[in-house]
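Here is a friendly walk through a structure that you can follow on screen as you read.

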Amino acid sequence: MRLHSKVIGAALCVASIVAPLAACGGSRSQQMDGMIISYQASEPQNPLIPGDTNETGGGHVIDMLFAGLIGYDKDGNVVNEVAKSITPENGNKRYRVVLNDDWTFDDGTKVTAESFTRAWSYTANATNAQMNASFFASIKGYDALQKSGVASDAQLPGLTVVSETEFTIDLTEASATFPTMLGGEAFFPLPDSFYDDPAAFGSHPIGDGPYKFDSWTHNQNILVRRNDTYHGNFPARNDGINFVIYTDADTAYSDVQAGNLDLLDNIPSSSSVTFQYDPTVQAVNNPGSVLQTFTFPNDMDHFGDDEEGHLRRQAVSMAINRETLCKKILGGTATPATDFLSPVIPGYSDSLDGADVLTYDPDKAKELWAEADAINPWDNDTDVLKFSYNADNPSAKSIYDAVAHYVSNSLGIRAVTNPVSTFAEYRQEITDRKLKTAFRTGWQPDYPAADNYLVQLYDSAAADGNGANDGDYKSPEFDKLMDKAAAAPTIGEANEYYQQGEEILLNDLPAVPLFYQNAAIVSAQGVHNVETNWKNMPVLQDVTKDME
Amino acid sequence: MTSQTPDTTASQACASAPLAGQERYVAPLDETPLQQVDSIDESQPASSMWAEAWRTLRRNPLFIVSAVLIVLVLLVAFFPSLFAKGDPNYCDLEHSLDPAGPGHPFGYDLMGCDVYTRTVYGTRASLSVGVLTTILVVIVGGLIGALAGYFGGWVDAVLSRITDIFYAIPLLLGAIVVLQMFRTSESIWKVVFVLALFGWVSVARITRGSVMEAKNLEFNTASEALGLSRIKNLFRHVIPNSLAPVIVVATTSLGTYIVSEATLSFLGIGLPSTMVSWGGDISAAQSLLRVAPSVLFWPSLALAITVLSFIMMGDAVRDALDPKSRTL
Amino acid sequence: MGRYLLRRVLQMIPVIIGTTLLIYALVFALPGDPVKAMFGEKPVNDAVAAQIRAEYNLDKPFIVQYLLFLKNALTLDFGNTFSGRPVIDVIGDAFPITIRLALMAFVFEGVFGVIFGIIAGLKKGKWYDSVILIVSLLLISVPTFVTGFVGQYLFGVKWQILPVTAGRNPGFIDLLLPACVLGSVSMAYIIRLTRTEVASNKTADYVRTARAKGMSNRKVTMRHILRNSLIPVVTYLGADLGSLMGGAMITERIFNIQGIGNTLWQGILRGEATLVVSIVTLLVFVFVVCNLVVDLLYAVLDPRIRYE
């Protein structure tokens with residue numbers, strides 16, 4: 001029995017306290033032969049199943065192991081992988097997918113149309129409790145799979161297999177941007193062996209991507225090796241990636257300095273000011289796709305979605321010096337926000353009408369504040385503006401302390417922070433709509449497209465708990481533009497509507513954009529070809545290093 | 001006292017008439033008159049254990065130094081504006097991590113706040129946490145430990161098992177939960193309460209151990225034999241005689257409570273963020289260790305000095321209360 | 001003695017049940033819905049959330065959840081973590097590492113604490129007494145996370161004498177610095193406690209008597225002063241072993257040690273009741289056993305204490 005061997009193992013380790021200790025513990029030895037790049041990671045919070053992975057710990061590994069219909073290059077442009085073509089029909093309400101027929105999984109089986117449709121149905125089916133189920137909400141028949149007691153192998157009616165290499169997708173509503181979603185983790189294919197034993201698959205996944213799974217030592221590392229049969233757009237130039245699990249960014253940074261770790265994309269705040277000048281490491285620092293904002297709930301006193309609220313929101317936004325914040329607090333690992341997307345996302349613009357509300361202008365801020373006071377006065381003795389954040393986020397405290405200082409210095413009001421100890425509790429307060437303060441929000445895109453930022457976060461359909469519109473912002477005008485964009489024939493035209501939508505947001509400020517988190521990467525000496533992609537990650541396939 | 005030997009008479013005889021060759025001098029009885037063994041010197045004021053202790057304390061340099069320091073810390077805590085002119089909450093990011101300059105002897109922290117002003121204003125919150133927690137812990141822990149150690153039997157068994165339960169729960173787990181219950185509260189009491197809730201156990205254990213030791217001492221057996229009730233005996237003899245280790249632990253703990261507050265801040269569940277405290281500032285500055293060590297240094301120094309003075313005070317009090325160690 | 005032992009072992013049962021119940025209640029009372037948190041900042045899919053709640057019994061009332069946990073625990077089935085791993089495996093991986101760390105810290109604080117304490121106590125007032133006292137005070141007055149980061153920076157990064165992190169399969173060298181950091185505060189306590197005890201026993205009547213009777217200095221010190229001084233020290237050490245294991249949260253985090261403390265902290269953050277309760281039960285068990293051993297040691301060290 002497993003327990004016994006562990007307990008005895010523990011006892012032996014106790015007995016041999018002075019003797020060679022390294023022999024104790026899980027002595028699974030892994031051969032690190034060839035050019036294996038070690039990369040800082042965190043322990044996956046779910047099994048390594050694409051449809052059940054919604055956080056970076058597992059996501060980074062899944063991305064290396066699987067290839068979807070399409071992939072994204074480092075600039076966020078869509079390129080075909082398994083798909084030969086994806087063609088819209090019926091005014092963007094149906095998509096016809098034709099596959100290349102020479103792709104295989106690591107176990108030798110072919111990647112077929114069913115590899116996709118079965119996997120998507122499995123994930124969308126609530127009975128299977130997969131974290132990424134919501135990604136299929138736009139496909140016909142999704143709602144029927146959300147009822148309790150649905151058979152676990154029930155299929156999505158909106159997916160029709162035409163042949164081994166062809167299937168169609170029926171959507172409930174027209175969408176021009178739907179195909180851009182298809183490179184995300186939720187849409188990866190699964191081999192037939194998955195359905196025999198999902199749990200076993202989750203600890204030893206079989207994919208069709210540039211790497212294949214080797215081993216996972218819990219809380220220590222995950223090793224993947226180059227897949228020589230892969231012939232897509234992103235072949236590996238190294239022999240494998242070793243995802244080394246760290247719980248603390250400072251420790252990981254120290255290991256890069258000491259040459260024990262090759263790559264790190266999570267710069268600890270203790271080194272954010274210095275890492276670009278640190279002679280012991282190499283640094284890359286580019287604008288990234290993660291947008292950090294703070295949200296005003298629509299029913300917040302003085303900050304509601306009305307004339308007074310809009311003025312006060314604008315005043316607060318203009319009270320903050322984003323340049324200095326990014327430079328001093330984040331050491332230049334962030335770029336001041338100028339819109340509601342990100343510079344690496346198609347559709348970004350730095351010259352939107354009304355974007356000056358995101359620049360520091362304390363005098364203008366005071367004027368706007370005074371205008372709001374004329375509508376409904378703010379009482380400095382009783383009224384306090386609070387900024388909530390989750391305290392287990394390592395950099396939130398210093399950011400929101402600085403924001404609060406700026407607001408109180410610029411506007412002469414009382415502005416304080418309200419840390420909530422854990423992320424779990426913080427999200428609970430938000431989803432229960434209990435926070436009546438401004439609160440920290442951040443958005444990491446699922447796929448590189450404007451709708452993933454705007455529709456998910458600010459559309460009325462995503463409000464009231466139906467999406468990520470945590471402030472319950474509702475603007476019919478904005479919604480209309482989103483619908484127009486979705487029905488637009490090309491992405492270019494869609495993006496024009498999205499930018500018009502952003503201009504509405506800049507006036508209403510349901511959330512105040514602060515900065516784009518940079519893709520900041522530190523690598524050890526002797527590591528080459530470190531480039532960042534739209535996911536704020538290094539392009540792992542391209543990284544090489546000197547071998548002694 | 002000399003021991004009574006059988007040949008007393010013989011030696012007395014010798015004293016009066018030394019034998020030839022015997023060099024020893026023995027003073028005649030009229031030069032050193034016999035004293036009554038149990039005589040009481042009526043001219044001296046009545047002495048109590050505490051009065052005696054106070055007299056010793058006043059002459060102890062350790063006490064004087066620590067008392068001066070504590071008075072100083074208390075002054076800073078009560079009247080911070082006498083020591084620093086600025087507003088501890090006024091921070092300008094433009095000054096972030098600027099070095100010391102005129103009017104700003106300790107420089108600025110990451111937020112651009114004046115480190116000197118914050119260190120001065122942080123005294124009150126940090127000191128209050130330490131002092132209040134210690135008082136609570138000594139009362140609760142001391143009482144429970146004394147009862148358990150003194151009465152033994154089932155009282156000891158029950159109380160000891162309760163201490164076991166509390167001791168075994170990790171402080172952080174308890175702290176997260178309890179601090180959440182009072183999360184809307186903006187006072188320091190929630191932190192005091194949590195630290196006391198998980199801190200009383202160590203005092204209880206020490207008290208129990210030393211009471212168990214003290215109750216077996218001869219004077220207890222004697223006073224019980226003389227008919228003193230068990231409760232009275234506990235309070236009059238056992239507790240005072242087992243106080244020394246408790247005082248040592250309590251004074252040391254006072255510092256660690258201030259330190260624990262810093263750890264809770266490090267985890268994001270410490271004092272309200274609007275409150276200036278050393279713990280909060282130290283935990284905020286630890287990540288700047290490699291960039292600006294001085295920001296970490298000053299609040300740490302203030303904390304260390306405070307802890308130091310309380311511990312020295314505790315040592316001095318212990319020396320005064322424990323007559324045995326006085327002859328050192 | 002045998003009856004005493006039996007009684008103490010029986011007393012462990014209510015302690016362990018009481019603790020698990022208390023912990024379960026505490027974790028249950030933790031604000032925040034762990035299932036909702038799994039979705040991060042993305043929209044929560046209610047149907048999926050309900051399915052997950054049912055899978056982990058989170059939809060049942062508190063007392064039912066607790067009883068189910070107890071029932072399964074009796075068959076050594078502690079359930080799975082949210083990531084799908086059996087809790088027993090998670091603990092099996094983490095526990096040996098923490099035992100190693102805690103024992104090293106324990107030996108460190110015990111040996112150095114007692115030695116320095118005795119030196120300081122015997123030579124109270126000398127200059128090295130002052131040095132020892134000041135160093136121990138500094139250790140107490142600086143938070144562990146500061147000691148840890150400073151130690152890591154100096155020994156690991158700046159001078160490169162010791163490994164920066166422990167990481168995979170930590171050995172003696174990897175754990176040396178973390179163990180010293182973990183044990184440092186307790187060591188300071190032990191120094192002070194030993195010093196106080198030795199100093200007060202040095203002038204005790206029986207020591208004076210022993211000296212007067214011509215016993216050699218060495219024998220007096222070893223047989224009388226030390227033996228009597230060690231009683232409170234042993235109590236402290238015994239109680240400390242348990243808290244060293246539970247208290248390694250900060251140290252394990254700083255040095256990236258995948259032990260019980262780190263696992264527990266992650267469990268608390270994620271609201272994983274079964275994981276947290278299983279770990280705490282284990283810690284309570286270790287703790288209660290240590291206490292029993294301490295109480296038995298009492299009888300050995302102090303002949304006046306007798307258990308019947």
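Two residues are in contact if their C-beta atoms, placed from the backbone, lie within 7 Å. Please keep in mind that this is a predicted model.

## Chain A as a whole

Let us start with how chain A is held together. Among its contacts between residues at least 6 apart in sequence, 68% join residues at least 24 apart. The secondary structure of chain A comprises 15 helices and 19 strands. With a radius of gyration of 25 Å, close to the 24 Å that the globule rule gives for 548 residues, chain A is as compact as a globular protein of that length.

Taken along the principal axes, the box filled by the C-alpha atoms of chain A is roughly 70 × 65 × 45 Å. Of the 548 residues in this chain, 57% count as buried.

## A four-stranded sheet in chain A

Now zoom in on an open sheet of 4 strands in chain A, with antiparallel pairing and the order β4-β5-β7-β6. Its edges are β4 (83–89) and β6 (159–163) of chain A, each of which pairs on one side only. On average, neighbouring strands of this sheet are turned by 20° against each other, direction ignored.

Strand β4(A) and strand β5 (residues 94–99) of chain A run antiparallel and are joined by 6 bridges. One place to look is E89(A), whose bridge partner in β5(A) is R94(A). Helix α3 (residues 113–124) of chain A lies across β5, β6 and β7 (166–170) of chain A, and this helix runs at about 165° to β6(A).

## Where chain C meets chain A

Which residues make up this contact? It takes 52 residues from chain C and 57 residues from chain A. Several helices of chain C each supply at least two residues to its side of the contact, among them α2 (34–38), α3 (46–55) and α7 (144–158). The helix of chain C that gives the most to this side is α5(C), with 9 residues. By class, the side of chain C that touches chain A has 25 nonpolar, 16 polar and 11 charged residues.

## Where chain B meets chain A

Chain B also touches chain A: 18 residues of chain B are in contact with 21 residues of chain A. On the chain B side, these residues divide into 9 nonpolar, 6 polar and 3 charged.

The mean pLDDT of chain B is 79, and 79% of its residues reach 70 or more. Over residues 1–16 of chain B, pLDDT stays under 50, and the model has 2 contacts beyond four places in sequence for that stretch.

Terms used:
Residues are numbered from 1 along each chain as its sequence is written. Chains are lettered from A and ligands numbered from 1 in the order in which they are written. This is a predicted model: local features need pLDDT of at least 70, side-chain atom pairs count only at pLDDT 80 or more; totals for chains, interfaces and linings use all residues. Ala, Val, Leu, Ile, Met, Phe, Trp, Tyr, Cys and Pro count as nonpolar, Asp, Glu, Lys and Arg as charged, and the others, Gly among them, as polar. The radius of gyration is taken over C-alpha atoms; the globule rule is 2.2 Å times the number of residues to the power 0.38. A residue is buried if 20 or more other C-beta atoms lie within 10 Å of its own, exposed if 12 or fewer, and partly exposed in between; C-beta atoms are placed from the backbone. pLDDT is the predictor's confidence in each residue, from 0 to 100. Two strands pair if DSSP finds at least two bridges between them. Axes are lines fitted to C-alpha atoms, for helices over the stretch in contact, and angles run from 0 to 180 degrees between N-to-C directions.
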